[in-house]
Amino acid sequence: MARRSISREGVEVHTFSWATSILVPLLALAIQASLPLRLPFFAVFDLPLLTVLFFSVARRNPIAGTVTGCVIGVLQDALTQLPIGLFGMAKTVVGYIASSIGAKVDVENPGSRLIMTFSFYLLHRMLYQVARSMAQMPIPFRWGHELAAALANALLAVVLFVALDRLKQRK
Amino acid sequence: MENFFTRYRKETVLVVLLFVQMIALATQVKVRVKNTDPMQGPTVTQEGGTRLLRVWAVAMVSPFQKAAVNTGVAVRGLWHSYIDLRGMRRDNDLLQEEVNRLRMEQVRMHEDAEQGRRLQALLGFKQQFPSKTVAAEVIGTSGTELSRVVYVNRGRRDGLEPGMAVITPDGIVGKVTRADRTTSQILLINDPTSGAGVMLERLRLNGILKGTTAGYPEILYVMADEKIQTGDRVLTTGGDRVFPKGMLVGTVESVMPDRERDPFLAIKVRPAVNLSRLEEVLVITEVVERTPYATDSTSGPMKAADMLAQRLPSVPKKELTADPTKPETPVLGIAATPAKTPGKTTGPATSITDPANKKTAVAPASQPMQASPKAAKAPINKIAATIVVKTAGNAKANQVTTPAKKPTALKPTAPNPTDTPKETPR
């Protein structure tokens with residue numbers, strides 16, 4: 001059961017059932033891994049990142065956000081041939097910051113969600129670049145492509161978060 | 001101290017999680033660097049203690065993927081059954097035209113192949129042939145552009161192992177990087193961490209094929225003064241010990257100076273296979289290395305003496321391989337006569353003339369023909385051999401005189417199913 005309460009800053013705090021907490025990220029990973037086979041352009045989206053952002057902002061609990069980001073990131077790493085920890089570290093930090101911001105600012109309206117997702121996508125990619133460099137596997141950062149991908153993810157997030165809002169259950 | 005952790009609990013959790021992942025990353029990278037062969041990429045690397053985690057992740061996701069793929073296949077099958085019936089007559093006509101064209105082409109290719117095989121056998125050339133493949137269906141991807149891998153529904157249970165080459169009838173796809181029990185991970189050739197030894201077919205230039213973050217493969221380490229053209233075909237060299245030699249990789253799409261490696265070129269390659277829309281692939285599970293098998297001279301031009309022998313009933317047919325003490329009947333249409341002195345070949349130089357190109361390749365007499373180890377142990381009967389080679393599209397026979405060893409050395413170690421069966425020479 002998801003629950004809703006008010007944080008110290010006066011912002012609504014949501015919780016989710018165990019089933020939602022487990023199945024939604026898993027489904028996001030599965031869709032992300034399957035759809036690019038038929039729709040190659042879908043690879044520009046990062047559904048696991050959007051899931052991390054949604055849960056972190058909704059829960060507004062930095063510890064929960066950090067753990068959520070870490071788990072989803074590590075699972076995403078496990079599907080690649082690259083060392084585990086690259087996506088993991090990037091999403092851990094994103095989960096922490098998103099939930100910290102979510103605890104102070106209301107990010108429920110579409111406009112703020114668009115800006116938030118756009119910014120966090122770029123932050124996530126930069127953190128990933130840093131992690132790749134740490135692992136001695138640097139790759140070039142393509143600004144044009146990343147900005148376009150950030151915008152695409154932000155637009156998808158606006159629609160997706162509205163759908164996921166239905167999973168929030170009140171006390 | 002307790003107050004510190006209570007006060008900075010969330011920061012502590014963040015630091016601990018990051019630290020653990022950093023340690024894990026460092027461990028994996030250390031193992032990778034230690035075990036990585038530059039040509040093999042990450043294929044031969046160990047995965048430290050992360051293998052179990054990867055298996056779990058794939059096991060959690062693959063049921064969704066398999067279900068999605070199976071549903072898609074079923075729906076497409078129904079739809080295609082309807083569509084196929086509608087356009088069957090038109091397709092049939094088109095296919096018939098295609099068959100006729102291919103038949104004509106086959107005749108020409110057959111002649112080329114025969115000539116190539118004769119020359120390869122003459123030089124003791126060893127070639128790798130994929131002898132066993134496993135068909136696999138692509139069920140998923142890594143889900144990110146930053147890692148170009150796909151998953152297939154075949155694993156260790158089906159004989160797949162890391163390092164095996166993955167192809168389609170159009171060209172190469174990648175190689176197996178991880179094989180679990182029922183699924184395997186395939187690293188595509190357009191991933192930045194992949195690598196393959198390739199060659200430009202027209203110029204016979206070797207280079208290394210690497211993927212890029214933009215998703216296309218490029219050839220590195222080719223000097224800037226080479227005259228490479230757009231559309232040049234790119235083949236595998238076999239030097240990476242993953243892909244058999246001569247498999248199509250793709251064609252050159254563009255050539256530009258490599259900004260990171262100054263005297264070299266960066267050659268963008270258009271893969272022969274559409275790597276973003278893979279459905280079924282073949283995994284080469286077994287490769288055999290053998291000398292190409294050439295058919296006898298019945299496919300080549302008949303000599304005047306043979307024609308005369310057929311027309312004149314008084315002239316008996318030649319006795320072939322009746323006596324085991326005599327040299328066996330050579331392949332390649334070699335007319336053999338025993339040599340006087342055994343041991344190392346000291347006869348005249350080998351020359352092969354191609355009238356189409358008007359070029360003559362001469363091998364010095366000091367370079368004996370390559371013989372198989374089995375043949376090398378046998379007593380050598382030196383033979384002077386005459387080889388009749390027929391070039392494609394030119395009926396003129398070229399006389400090639402060579403100091404041959406025992407002709408059995410030219411026989412293959414195993415029959416090649418793609419070759420035509422050997423016939424008894426007349």
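Me: What makes strand 6 and strand 7 of chain B count as paired strands?

Reply: In this predicted model, six bridges join strand 6 (residues 195–200) of chain B to strand 7 (residues 205–210) of chain B. At least two bridges are needed for a pair, so these strands count as paired. They run antiparallel. Within the pair, Ala196(B) stands opposite Leu209(B) of strand 7. Strands in a sheet are held to each other by backbone hydrogen bonds, and this pairing can be parallel or antiparallel.

Me: What is the order of the six strands that close into a barrel in chain B?

Reply: The order is 6-7-8-11-10-9, and the pairing is antiparallel. On average, neighbouring strands of this sheet are turned by 40 degrees against each other, direction ignored.

Me: Why does Gly250(B) count as buried?

Reply: A residue needs 20 or more other C-beta atoms within 10 Å to be called buried. Gly250(B) has 26 such neighbours, and therefore it is buried. Gly250(B) belongs to strand 10 (residues 248–257) of chain B.

Me: Which residues is Gly250(B) in contact with, leaving aside its neighbours within four places in sequence?

Reply: They are Gly171(B), Val234(B), Val269(B), Arg270(B), Pro271(B) and Ala272(B). Pro271(B) is 21 residues from Gly250(B) along the chain, yet their C-alpha atoms are separated by 4.2 Å.

Me: How much of chain B is buried, and which elements does the chain hold?

Reply: Buried residues are 31% of the 426 residues in chain B. The chain has six helices and 17 strands. Of the contacts in chain B between residues at least 6 apart in sequence, 65% join residues at least 24 apart.

Me: What makes helix 2 of chain A oblique to helix 5 of chain A?

Reply: A packed pair of helices is described by the angle between the axes and the distance between them. Helix 2 (residues 47–59) of chain A and helix 5 (residues 110–134) of chain A pack at about 120 degrees, with axes 11 Å apart. Roughly perpendicular ends at 115 degrees and roughly antiparallel begins over 145, so the angle between helix 2 and helix 5 of chain A is oblique. The crossing of these two helices is right-handed.

Me: Which residues meet where helix 2 and helix 5 of chain A pack?

Reply: Leu49(A), Leu50(A) and Leu53(A) of helix 2 meet Thr117(A), Phe120(A), Tyr121(A) and His124(A) of helix 5. By class, this contact has five nonpolar and two polar residues, and no charged ones.

Me: In what order do the elements of chain A run?

Reply: From the N terminus on, they run β-β-α-α-α-α-α-α, that is, two strands and six helices. In chain A, 46% of the 171 residues are buried. Among its contacts with a separation of 6 or more, 67% are between residues 24 or more positions apart.

Me: How many residues of chain B are in contact with chain A, and which elements of chain B give two or more of them?

Reply: 41 residues of chain B are in contact with 35 residues of chain A. The elements of chain B giving two or more residues are helix 2 (9–35), helix 3 (51–86), strand 1 (127–141) and strand 5 (184–188). Helix 2 of chain B gives the largest share, 12 residues. By class, the side of chain B that touches chain A has 20 nonpolar, 16 polar and five charged residues.

How values were computed. Residues numbered from 1 in each chain as written. Chains lettered and ligands numbered in written order. Predicted model: local features only at pLDDT ≥ 70, side-chain atom pairs only at ≥ 80, totals over all residues. Helix = DSSP H or I, 4+ residues; strand = E, 2+ residues; numbered from the N terminus. Buried ≥ 20, exposed ≤ 12 C-beta atoms within 10 Å, placed from the backbone. Contact = placed C-beta atoms within 7 Å. Nonpolar A, V, L, I, M, F, W, Y, C, P; charged D, E, K, R; others polar. Axes fitted to C-alpha atoms, helices over the stretch in contact; angles between N-to-C directions. Parallel < 35°, antiparallel > 145°, perpendicular 65-115°, else oblique. Left-handed = near helix turned anticlockwise from the far one by under 90°.
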